[in-house]
Amino acid sequence: MTNAVAFVASAFLLFEWHLLRERSLAYWSAGFAAIVVGCAITPLREAGFFIAGVWLANGMLVLAHVAFLYGTASFLGRRISPAWCLVLPAWALMLAVPDDGVRTQILSLVNALLVAVLSLRSAQMLGGLRGRRDPDTTLLAFAFLGHGGFYLLKTLMAFVPGAFIDLSHYTGLMISISLFEGIMMEVALALSIVGALRRRRERSIVRLAEHDPLTGLLNRRGFEARARTVLAQEDGPVALLLLDIDHFKSINDGYGHPEGDRLLVALGVFLNSTLPHRAIWGRLGGDEFAVLLPRADVFAALTLAKALCQGFARVGGGRGQGGTLSIGCATYAEGAIDLEALSAVADRALYDAKRQGRNRASHREVAGEPLAKSRLVAESVSHPAAVAITPPDRVNSPEALSAR
């Protein structure tokens, strides 16, 4: 049974490696293959072939866990010291143990200790020994943790009377339990590996679907999905900034698309390094970017908008008149609001900023029942990055609409 499960796991992972060419799959497949070989030669111990049936068969189990460890490191994208391979020469030294009545116990102790250390190291890399774990690898971490814990128990019971009587004839309580645990471990590891791979693929697909390949930021789909989730949970002040690179079309036409792409990437890097952690931001398309600021009032939103205008003007480095931003800022003071309404007001504020000379931020507040007409005072900030505030009763005025 153990051999059959290991063979199926090895063949499946090898097939997956052939399709995906992911190195971790090759390591894990090799680990299960080593178990298959070890199980296949185990019957030789009953015929009196100690080296092949006992030492080599148990050595294949150690080799399997070395492969599992390197597969785990490869899956996580981490490097692991080649020194871990020294467990194999350590096992080779067991050939020198004399057959003096305690050889079974000594081999059982060393074998269990090596397997326990390798398994617990894999679990530790996956986060199984820490409070914080990656949800994609939690089951795999606990599979290695449970397996390592069992073999650690075997180590402690190596010299307990009746635990390990004779490796050649499978006699001893822990030997019998190990046969059952081996089957359970193989099934748990195989299913956990498949589950971790599936969840990684799902996350990769979602990332491809929700992120812009040029800047690495959320695309329109990803931004809107997250923004709607936040707006559904928030009932306090909220602000939306729409950012547009000034004269972007002229830059593309005059200097070529590589220069335009450079500016887009530069803006993405700038936003990643500048925006607060609670913000949600992304590239909506072309040269238009959006930033949602939960729990941000007018002052906080305009302060950030001004900082973005001034900061990008310093780092953008665009040719001609490029490298500056126009920002439309829409705020809502209280109550529920949908993203479409907030976006419409921010879009009008963006056109205000462009009409007023670009390289500045313009503000409009969403009109609604909770709002009073109190924000009628315009705040003037010296150019560049001037900030203008449009009162809510002018949001739908003919002058505002004509600016489009």
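**Labels and their criteria**

Modeller: Let us begin with H211, which lies in the loop between α7 (173-210) and α8 (220-233). Helices (H or I, at least four residues) and strands (E, at least two) are DSSP runs, numbered from the N terminus. This is a predicted model, in which local features need pLDDT of at least 70 and side-chain atom pairs count only at pLDDT 80 or more, while totals for chains, interfaces and linings use all residues. Residues are numbered from 1 along each chain as its sequence is written, and side-chain values use heavy atoms, with hydrogens and water left out.

Biologist: Why is H211 called buried?

Modeller: Buried means under 20% relative accessible area, exposed over 50%, and partly exposed in between (1.4 Å probe, protein chains only). H211 has a relative accessibility of 18%, so it counts as buried. Leaving aside its neighbours within four places in sequence, H211 is in contact (heavy atoms within 4.5 Å) with G216, L217, L218 and N219.

Biologist: What makes α2 and α3 roughly antiparallel?

Modeller: Helix α2 (residues 23-41) and helix α3 (residues 50-76) pack at an angle of about 170°, with their axes 8 Å apart. Axes are lines fitted to C-alpha atoms, for helices over the stretch in contact, and angles run from 0 to 180 degrees between N-to-C directions. Angles under 35 degrees count as roughly parallel, over 145 as roughly antiparallel, 65 to 115 as roughly perpendicular and the rest as oblique. The pair α2 and α3 is therefore roughly antiparallel. The residues of this contact divide into 18 nonpolar, 7 polar and 1 charged. Here Ala, Val, Leu, Ile, Met, Phe, Trp, Tyr, Cys and Pro count as nonpolar, Asp, Glu, Lys and Arg as charged, and the others, Gly among them, as polar.

Biologist: How do you know whether α3 and α5 are roughly parallel or antiparallel?

Modeller: The angle between α3 and helix α5 (residues 103-126) is about 10°, and their axes are 8 Å apart. The two helices are therefore roughly parallel. Residues of α3 including F50, V54 and L61 meet residues of α5, among them R103, L107 and L114. By class, this contact has 15 nonpolar, 6 polar and 2 charged residues.

Biologist: Why is D338 called partly exposed?

Modeller: D338 has 43% relative accessibility, and therefore counts as partly exposed. Its place is the loop between β4 (325-332) and α12 (339-355). The C-alpha atoms of D338 and A232 are separated by 8.0 Å, although these residues are 106 apart along the chain.

Biologist: Which of the accessibility labels do R358 and N359 receive, and why?

Modeller: R358, at 29% relative accessibility, counts as partly exposed. N359 has a relative accessible area of 11% and is therefore buried.

Biologist: How much of the protein chain counts as buried?

Modeller: Of its 404 residues, 50% count as buried. The protein chain has 13 helices and 6 strands.
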